[in-house]
Amino acid sequence: MSGSVPLVRRETVRAGDGVVHLRAVDSIAETSASEPLVLIHQSPLSSRRFEPLLTQVATWTSAIAPDTPGYGESPPLAAETSVEELADALWAAIDHLAPGGVHLLGRATGAVLAAQMTAVHPERVRHLVLHGVPLYTAEEAASRLADFAPPYVLDDDGGHLDWIWRRIRGEYPWAPPELVTSFVADYLTAGPDFATGYRAMWRFDLDSALRVIEEAGVRTTLIAGGRDRIGFMHERARSRITWADERVLAEATDFVAEQDPLGFSLVLRELFATRQ
């Protein structure tokens with residue numbers, strides 16, 4: 001009912017041979033969008049990043065935010081996995097709540113997963129929104145596989161906590177301590193080898209998935225943030241994903257979904273309400 005306080009619930013559902021933890025919210029709107037919004041987070045974080053947004057989008061639609069296997073409260077599929085396996089697991093989890101069509105948004109590594117999810121089931125994705133697309137060259141991917149995200153070592157004196165803190169502050173020097181602390185919690189939950197999602201992404205043939213999406217005619221929108229750490233890749237995305245619309249949010253960081261959940265919700269509502 002309109003005026004109610006949205007309740008974000010947490011569930012753990014079966015997904016193939018494993019399980020996936022997710023956050024979900026039902027619409028409180030008197031007239032709701034017919035298809036739910038699915039939100040795929042970036043690595044090595046979790047669906048916690050979308051919780052503020054979930055309470056806002058509930059005013060116009062239902063929404064689901066799964067923890068990618070290996071992150072948040074979803075156990076890993078294996079010590080080493082692939083984008084294809086992760087995408088299949090996410091669909092299996094989503095099917096418990098939304099077996100039909102969805103609107104799909106992915107952020108950074110989540111955008112890669114969302115692209116593969118769309119390539120597997122283009123008929124189910126009404127609108128694909130890619131918020132920051134990590135389009136690496138083959139040389140960049142090889143370099144990152146070699147040394148970008150080594151596992152941290154657990155220390156008796158807690159030195160690994162300082163290592164995680166300094167890594168996060170190095171990537172996001174603008175982030176206040178409250179936000180960094182929340183990120184540290186996600187790193188710790190992911191475990192010392194927190195880069196499984198990164199490695200899967202760097203080994204994945206994103207171009208093949210994009211070709212399927214283009215050929216299937218899936219409506220696609222690129223969202224870029226003016227203060228996004230991978231904002232420099234937006235021009236690459238525009239050059240490759242030529243059929244997509246775009247929205248540039250001049251002041252948005254990587255975490256606009258939790259820093260400005262109301263504003264970001266309004267952007268998404270406008271996108272999904274506009275039909276081709």
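This is a predicted model: local features need pLDDT of at least 70, side-chain atom pairs count only at pLDDT 80 or more; totals for chains, interfaces and linings use all residues.
**Exercise 1. How many bridges join strand β1 to β2, and do the two run parallel or antiparallel?**

Residues are numbered from 1 along each chain as its sequence is written, and side-chain values use heavy atoms, with hydrogens and water left out.

*Solution.* 
- Step 1: find the strands. Helices (H or I, at least four residues) and strands (E, at least two) are DSSP runs, numbered from the N terminus. Strand β1 covers residues 9-15, and β2 covers residues 18-25.
- Step 2: check the pairing. Two strands pair if DSSP finds at least two bridges between them. Here seven bridges join β1 to β2, and they run antiparallel.
- Step 3: look at the turn. The two strands form a hairpin with two residues between them, and Gly16 in that turn has a positive phi of about 65 degrees.

**Exercise 2. Follow Arg23 of β2 to its bridge partners.**

*Solution.* 
- Step 1: Arg10 has Arg23 as its bridge partner in β2.
- Step 2: go to β4 (residues 63-66), which is joined to β2 by four bridges and runs antiparallel to it. The bridge partner of Arg23 in β4 is Ala65.
- Step 3: ask how covered β2 is. Seven of its eight residues are buried (buried means under 20% relative accessible area, exposed over 50%, partly exposed in between, with a 1.4 Å probe and protein chains only).

**Exercise 3. Classify the aromatic pairs around Trp174.**

*Solution.* 
- Step 1: get the rule. Rings of Phe, Tyr and Trp (its six-membered ring) pair if their centres lie within 6.5 Å; planes under 30 degrees apart count as stacked, over 60 as edge-to-face and the rest as tilted. That rule gives 14 aromatic pairs.
- Step 2: take Tyr172 and Trp174. At 6.1 Å centre to centre and 70 degrees between the planes, this pair is edge-to-face.
- Step 3: take Trp174 and Phe255. With 6.4 Å between centres and 50 degrees between planes, this pair is tilted. Trp174 lies in the loop between α5 and α6 and Phe255 in the loop between β8 and α10, so the pair ties together parts that are 81 residues apart in sequence.
- Step 4: compare accessibility. Trp174 is partly exposed at 29%, while Phe255 is buried at 3%.
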